[in-house]
Structure formats: structure tokens, C-alpha cells
Amino acid sequence: MPSGAEHSVAVIGGDGIGPEVTAEALKVVAASGVRLETHAYDLGAQHFATTGEVLADSVLEELRGFEAILLGAVGPPVGDTTIPPGTLERGLLLRLRFELDLYVNLRPFTGVPGAIAEGCHFVVVRENTEGTYAGEGGFLRKGTPQEIATQGSVNTRMGVERCVRFAFGLAEGRDRHRLTLVHKSNVLTFAGDLWQRTLDDVSVDFPGVAIDYNHVDAACIYLVDQPSRYDVIVTDNLFGDILTDLAGAVTGGIGFAASANLNPARTGPSLFEPVHGAAHDIAGTGRANPLAAISSAALMLEHLGETDAADRVSKAVGGYIADHYQSHADDPFPSTAAVGDAIAERL
Ligand code: IPM
Ligand code: MN
């Protein structure tokens, strides 16, 4: 669709602070001048509690027809035991990632003033459709003393290669041209071997990108004590999940962390969501930071080809952070809506 046209976007506000931060993201997109034709979908823990439905097949089919999906957060309050663990995670979030083939989970980080990784810029490319998340496994003799639970990790050459290729392409277009594979190849010798060989093979097509390897446990130390060493990190689904929470923490908190669940082949919509969850404890208090949702909307604009608007939103977020977060310790947080207004005004 040419720039200036209207884009069709499905909006899933979800639970807790999800709808609040999503509203600010949409406010900012509107202020950027990009016109969206939005369709709101009521999905998440609340929707499940009232209807017993996680994601109807017909809704999934409808979602395939949009150019993008903007999601706030889904999940019940911490300690809620009425919804079995995994119901929404597997039934909604992961189902969307798998069914829509959102094979890259792109998570960019910029250290805010006062953060451990202040001034550092790096991106994590997390494989998003395989690994332990594929759900391979099961129980044998469940509930007996002889019980066995297995949880496999699926790593296909195709799945690893398309993710690694995406990461190389990204690294090639950045200033530092560095790509680090993070895995645990000294213990996960089958999957780690496949990842390393794939990285080496694909590297032939990207001679300008310097490659490196870190074990995941070492990467946890480096993210804390030498975060500037990273440019692009590529890693499997579970390591990427854990590393991006740590990356969020060292760059200022996951209130800033955006993500894009991408289908780079563009056979359907991609999904954009903040890394944080529903945070029911602060829902409705105006204390939720909408910057992660706003930055996720900037990633969406970029994906929709609205690069100018995406740049302006990213710069507005950067400018706001530079002006308001002199020290992470005395964060002068006004309110969710006031932050959205301030970003919108900067456009
Ligand atoms: C994330 C979340 C999800 C994940 C959960 C909610 C299924 O933690 O997006 O990082 O593990 O991928
Ligand atoms: Mn996570």
C-alpha cells in the first residue's frame, strides 16, 4: 500500500494495562499523520473468563486479512488460579505466532539515561516458532510415582536458517555489522551444532558481517557488565525470551521494551506488542509506561512502509527519554496519557 493510504490494523488491547498503553500507541500513530482503519478484537483473560473462548478459528481467519496486528498485553492477574497455565499463552499468543508464521521476534533495545546499559543500542532476533515453544513432549504415567514429563526442543534447518538469514540482513544494514549467536552449544550439542553450522553457512552470503558466539550464561554476564559489545544477537526461542527480559532490565526496564513478531515473507500480518505483560497491579492507575507500546507501534509503521512516520515516532520517544529520564532513579513519571500526549506533541 502506498504511503498516505489507510492501513488495516487489528487491535487487541487485551488485559490489565494492555488497553491503556495501546490507546496511547494509537494516539501517537494518529498524530504521526498515518491513517489506520482499526478493528478492535476482545481477546485475553477477561474475554476467556466471560466466554470460555481463547481464540475462535473464525477470529483467527479474520485476523489473517489485516496488514498488521497491534497487541497490548494478555494474561490474568498474578496468582489467579482459575485459568490453567498456558491457556492464553499457548492458545492465543503462541497460536498467533505459529499460525501466522511470525518466525522472527525482533526486540530492539536502547539504554536510557541511568540504566546499566545507558547509551547502548542492540537488537535481539529471537526465533519465534520453534525450540521448546513448539510444544513437543508429554506425560507418561501422569500422577504416579513413575511419572515422566518430556519437553522437547524442535530445531529445523529451515526454521533456524530463515531466522539467522534475517539477523544477518539486519546486521548488514546497521553501523557495526556485528552478529552474535547466543546458545548453549557445549551442553545442547545437537541443537547448538545445527545453529552454529547454519550461522557459518549463511555467513558466506554476508561477508561484511563479523560473527561471534557466546554461551547463554556468559551472555547474561556480558549484558550486565559489557552490554556495549552487542549489536545484533540471534538466538533460539527460549534463550531469546529470557535474554530479552534481562536486556529490558539493563536498558531501563521492560516498560521501554518493544517487539515485532514478524512474518518477513509477508504471507500475512505481523504482530506488534510491548515485551511487558498485563501488570494488573497498576491497571487503571495511570502509572503504566506506554513507551514500549508506542515504540512497538513505530516498528509497525516501519513494517507498513511508513518509514518517515516510524522515524519521527522513534525520534520523539528518544527525545522524550533524553529530556525526562536524566537519572533512572528519579524518574518523573507523569501519567500514561500524559506521556502519550507528550510524544504526540513532539511529532
Ligand atoms: C514474551 C512472553 C511470552 C513468551 C509468554 C507470555 C508466552 O513472555 O513475549 O516474551 O514467553 O514468549
Ligand atoms: Mn518473555
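Guide: Begin with one pairing: Val125 has Val234 of β10 as its bridge partner. Strands here are DSSP runs of E with at least two residues, helices are runs of H or I with at least four, and both are numbered from the N terminus. The model is predicted, so local features need pLDDT of at least 70 and side-chain atom pairs count only at pLDDT 80 or more, while totals for chains, interfaces and linings use all residues. Residues are numbered from 1 along each chain as its sequence is written, chains are lettered from A and ligands numbered from 1 in the order in which they are written, and side-chain values use heavy atoms, with hydrogens and water left out.

Visitor: Which strands pair with β10, and in what sense?

Guide: Two strands pair if DSSP finds at least two bridges between them. Strand β5 (residues 121-127) is parallel to β10 over four bridges, and β8 (residues 178-183) also runs parallel to β10, joined by four bridges. Val234 of β10 is the bridge partner of Leu181 as well as of Val125.

Visitor: Are the residues on the faces of β10 buried or exposed?

Guide: Buried means under 20% relative accessible area, exposed over 50%, and partly exposed in between (1.4 Å probe, protein chains only). In β10 (residues 232-235), Val232 and Val234 on one side and Ile233 and Thr235 on the other are all buried. Across the protein chain, 50% of the 347 residues count as buried.

Visitor: How many helices and strands does the chain have?

Guide: The protein chain has eleven helices and twelve strands.
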